[in-house]
Amino acid sequence: MASNIPSTIGEFSVLPVSIPPLPSFPKNVVHYLYVRRHAPKIPTPTDSRSLFVTNVPVDSTEAHLRALVTSLVGTGRFEKVTFEDESKQEHSLEGKSIIDAAQPVHAARLLQAHIKKRKRDDEEAQEEAAARLPSTWTRPLRRSGSTAVVLLADEKSVEQVLKAIAKVHKTKKYPVWGGDGLPDSKMPPLGPVWLKSHNRLSFPDPSMLQASVDAFSTLFARREQEAAEIAKRLRNEPDEDGFVTVTRGGRNAPASRTEAEEAKRRMLEKENKKKEELANFYRFQLRERKKAEAAELLKRFDEDRKKLEELRAKKGKFVPEA
């Protein structure tokens with residue numbers, strides 16, 4: 001079946017990659033990558049020495065693609081790779097900032113509205129690290145059929161990679177996924193080794209898990225206390241317009257400036273709607289009054305015409321005075 005695969009499909013060059021057999025599936029499998037010159041809608045300075053790769057395997061890493069390029073054109077050509085939605089995948093593994101999660105909603109609103117951003121010191125960074133739950137994966141898991149942009153050393157390297165892909169179809173010697181001939185220590189593990197590590201990380205040590213929960217609770221309580229202090233200060237502190245926010249205390253914090261602006265906007269929209277309805281009502285009255293005046297003019301015209309006809313009938317031909 002591999003021999004029936006064309007060397008190119010449209011503007012893409014087809015790169016067959018051999019995946020070695022595993023104990024769970026003791027057969028050699030051929031995976032197909034589709035490669036072309038990188039040509040994004042918004043050009044960048046490095047497009048001329050970049051390759052766009054699609055259908056990358058789900059367990060792809062920079063080391064795997066580096067080994068793949070090395071097997072095609074030798075060392076020193078690969079610079080780096082950027083996977084599709086790489087930043088989103090990293091956030092999904094590590095989670096959002098603990099500062100955002102370890103505080104109640106009203107605390108987050110107050111801290112954002114009334115405290116300028118400041119750099120976190122080493123102690124805060126250590127607290128966040130302690131409060132974060134350990135990851136269950138040793139590296140990101142790519143989406144099936146996702147893409148990547150491989151940055152090479154120069155434009156000549158791009159030409160050489162595309163020529164090497166065309167040569168692969170003639171020789172039928174497909175590069176091996178996972179680094180053929182490279183030491184195992186330099187290549188992230190695949191298959192059962194990788195999944196076993198995931199299974200092991202999915203059940204962290206209870207003491208480590210308890211320490212993470214305790215650190216998160218401490219951080220949460222601190223942020224809530226900071227929000228309470230800000231709310232207390234704002235009860236007696238006038239705003240830019242000279243008004244003081246009156247609250248009943250407790251956990252209910254004064255409304256933020258954003259909420260006040262939103263309420264003011266809704267009030268103005270309501271007033272404008274009333275004015276528009278009132279203006280439309282007045283225009284309706286104006287139209288009705290104009291219709292009544294026009295009807296009155298027609299009525300008077302008919303009455304004058306009838307009087308004129310009566311005078312003509314009585315006195316014969318009516319000659320108006322000069």
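So, Val-213: with 41% relative accessibility, it counts as partly exposed. Keep in mind that this is a predicted model. Val-213 sits in helix α8, which covers residues 206-234. Together with Leu-133 and Leu-209, Val-213 makes a nonpolar surface patch of about 250 Å².

Now, Ser-212 is in helix α8 too. Is Ser-212 buried or exposed? Buried, because its relative accessibility is 3%, and the cut-off for buried is under 20%. And what does Ser-212 touch, leaving out residues up to four places away in sequence? That would be Ala-130, Ala-131, Arg-132 and Leu-133.

Okay, on to charges. Side chains of opposite charge can pair when their charged atoms come close. How many salt bridges turn up in a search of the whole structure? There are 8.

Take Glu-11 and Arg-36, with their closest N and O atoms 3.5 Å apart. This pair links distant parts of the chain, 25 residues apart: Glu-11 is in the loop between β1 and β2, and Arg-36 is in strand β3. Glu-11 counts as exposed at 58% relative accessibility, while Arg-36 counts as buried at 15%.

Next, Glu-79 and Arg-49 meet in a salt bridge at 2.9 Å, N to O. Glu-79 is in strand β5 and Arg-49 is in the loop between β3 and β4, so the pair ties together parts 30 residues apart in sequence.

Then there's Glu-62 with Arg-66, at 3.2 Å. These two are separated by about one helical turn, because they're 4 residues apart in helix α1.

Last one: Asp-302, Arg-305 and Glu-309 are linked in a salt-bridge network.

Conventions. Residues numbered from 1 in each chain as written. Predicted model: local features only at pLDDT ≥ 70, side-chain atom pairs only at ≥ 80, totals over all residues. Heavy atoms only, no water. Patch = residues over 30% accessible without salt bridge, like charges linked within 9 Å, V, L, I, M, F, W, Y side chains within 5 Å. Areas by Shrake-Rupley, 256 points an atom, 1.4 Å probe, with all protein chains shown as cover. Salt bridge = Lys/Arg side-chain N within 4 Å of Asp/Glu carboxyl O. Buried < 20%, exposed > 50% of the residue type's maximum accessible area, 1.4 Å probe, protein only. Contact = heavy atoms within 4.5 Å.
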